[in-house]
Amino acid sequence: MRNSDFWRLMEDEFGSGYAHVLASSAVLAAVGGRTAEEALRAGVHPRTVWLAVCDLQDVPDERRLGKDRPLKD
C-alpha cells in the first residue's frame, strides 16, 4: 500500500475533511502512540497505520479494503 492509497481509504471511509482531522489528532497505540500523520512520516507502513485507524474507529472488516473502483484499461 502506498501513502496515496492510505489517504484514499481514509477519505472514502471518513470523508475528505474529517479524514485529515482524524489523521492529525487521534493517537494510535498500535503505531507507538503516534497520530496517523506522525506514523507515516516516521516510516510506518501505510497499511499498518490504516489498520490501526480501523481498529480505533471500529471500521467493520468488510469496509477495510475500501470502495470498489472500476478497472482502468
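**Helix crossing, aromatic pairs and a buried arginine**

Helix α1 passes helix α2 in a right-handed crossing. In this predicted model, α1 spans residues 3-14 and α2 spans residues 16-25, and their axes come within 7 Å and cross at roughly 115 degrees. On the α1 side, the contact is made by W7, M10, E11 and F14. The α2 side contributes S16, Y18, A19, H20, L22 and A23. By class, the residues of this contact divide into seven nonpolar, two polar and one charged.

Two aromatic pairs are found in a search of the whole structure. One is formed by F6 and W7, with 5.0 Å centre to centre and 80 degrees between the planes, an edge-to-face arrangement. F6 has 0% relative accessibility and therefore counts as buried. The other pair joins F14 and Y18; the ring centres lie 6.3 Å apart and the planes stand at 75 degrees, so this pair is edge-to-face. F14 and Y18 both belong to the contact of α1 with α2. F14 counts as buried because its relative accessibility is 16%, under the 20% cut-off. Y18, with a relative accessible area of 41%, is partly exposed.

R64 is located in the segment after α4 (46-57). At 15% relative accessibility, R64 counts as buried. Residues up to four places away in sequence aside, R64 touches L9, W50, L51, C54, D55 and V59.

Key. Residues numbered from 1 in each chain as written. Predicted model: local features only at pLDDT ≥ 70, side-chain atom pairs only at ≥ 80, totals over all residues. Heavy atoms only, no water. Helix = DSSP H or I, 4+ residues; strand = E, 2+ residues; numbered from the N terminus. Buried < 20%, exposed > 50% of the residue type's maximum accessible area, 1.4 Å probe, protein only. Contact = heavy atoms within 4.5 Å. Phe/Tyr/Trp six-rings, centres within 6.5 Å; stacked < 30°, edge-to-face > 60°. Axes fitted to C-alpha atoms, helices over the stretch in contact; angles between N-to-C directions. Left-handed = near helix turned anticlockwise from the far one by under 90°. Nonpolar A, V, L, I, M, F, W, Y, C, P; charged D, E, K, R; others polar.
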